[in-house]
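Visitor: I'd like to learn how to read a model like this, one feature at a time. Could you walk me through it?

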Amino acid sequence: MGGSHPGLLPPASAPDAGRKLANGFISIDCGLPENTSYQEETISGINYISDTTVVDTGLSRCISPEIKDTKKQYVWHLRSFPEGIRNCYTINNITGGNKYLIGAVFLYVNYDGEDKLPEFDLHLGAN
């Protein structure tokens, strides 16, 4: 998965997801530095955690300060995958037969200065 996006996954929990909301959701900010988290400053007050507990590939990056001022905090960081054919997020504690909601946001901000739109496939599923 390229870009930055929050993931909403009820009732699963990632390792160290002690910051999950009371309603069972966890929100993952892809690219957020390890051991950091924050609470969205809106009515929702969503708690976001770093994706470092659910992915072991890719590069964490940050968008430029002038763009940050115009965007929500959950898109300030991103994870790019410049190498590898398949880069996976692993969410533990998934129970067969349960339903899960997964949301994603992708924002292109030319963080690498290459002026090249990203191309990627997104697959959801086991293995």
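Visitor: Let's start with D115: is D115 buried or exposed?

Guide: First, keep in mind that this is a predicted model. The idea is to compare the relative accessible area with a cut-off: over 50% is exposed, under 20% is buried. D115 has a relative accessible area of 64%, so it is exposed. You'll find D115 in the segment after strand 6.

Visitor: What is phi of D115 near?

Guide: Phi of D115 is near 50°, a positive value in a residue other than glycine. N35 is another case, with phi near 60° and, again, a residue other than glycine.

Visitor: Where does N35 lie?

Guide: In the loop between strand 2 (27–29) and strand 3 (37–39). N35 counts as exposed because its relative accessibility is 69%.

Visitor: Now the charged pairs. How many salt bridges does the count come to?

Guide: What you look for is a side-chain nitrogen of Lys or Arg within 4 Å of a carboxyl oxygen of Asp or Glu. By this rule the count comes to 1 salt bridge. The side chains of R79 and D51 meet in it, at 2.7 Å from N to O. R79 lies in strand 6 and D51 in the loop between strand 4 (47–50) and strand 5 (59–62), so the pair ties together parts that are 28 residues apart in sequence.

Visitor: Is R79 buried or exposed?

Guide: R79 is buried, with a relative accessible area of 6%.

Visitor: Which residues form a nonpolar patch on the surface?

Guide: F106, F120 and L122 do, with about 270 Å² of accessible area together. Take L122, found in the segment after strand 6 (77–80). Its relative accessibility is 42%, so L122 counts as partly exposed.

Visitor: Time to zoom out. How do the elements of the protein chain run from the N terminus on?

Guide: Read the elements in order and you get β-β-β-β-β-α-β. That comes to 1 helix and 6 strands.

Visitor: And what do the whole-chain totals look like?

Guide: Buried residues make up 32% of the 127 residues in the protein chain. The chain exposes about 8200 Å², with carbon and sulfur atoms supplying 51% of that area. For contacts, take those with a separation of 6 or more: residues 24 or more positions apart account for 54% of them.

Methods: Residues numbered from 1 in each chain as written. Predicted model: local features only at pLDDT ≥ 70, side-chain atom pairs only at ≥ 80, totals over all residues. Heavy atoms only, no water. Patch = residues over 30% accessible without salt bridge, like charges linked within 9 Å, V, L, I, M, F, W, Y side chains within 5 Å. Areas by Shrake-Rupley, 256 points an atom, 1.4 Å probe, with all protein chains shown as cover. Helix = DSSP H or I, 4+ residues; strand = E, 2+ residues; numbered from the N terminus. Buried < 20%, exposed > 50% of the residue type's maximum accessible area, 1.4 Å probe, protein only. Contact = heavy atoms within 4.5 Å.
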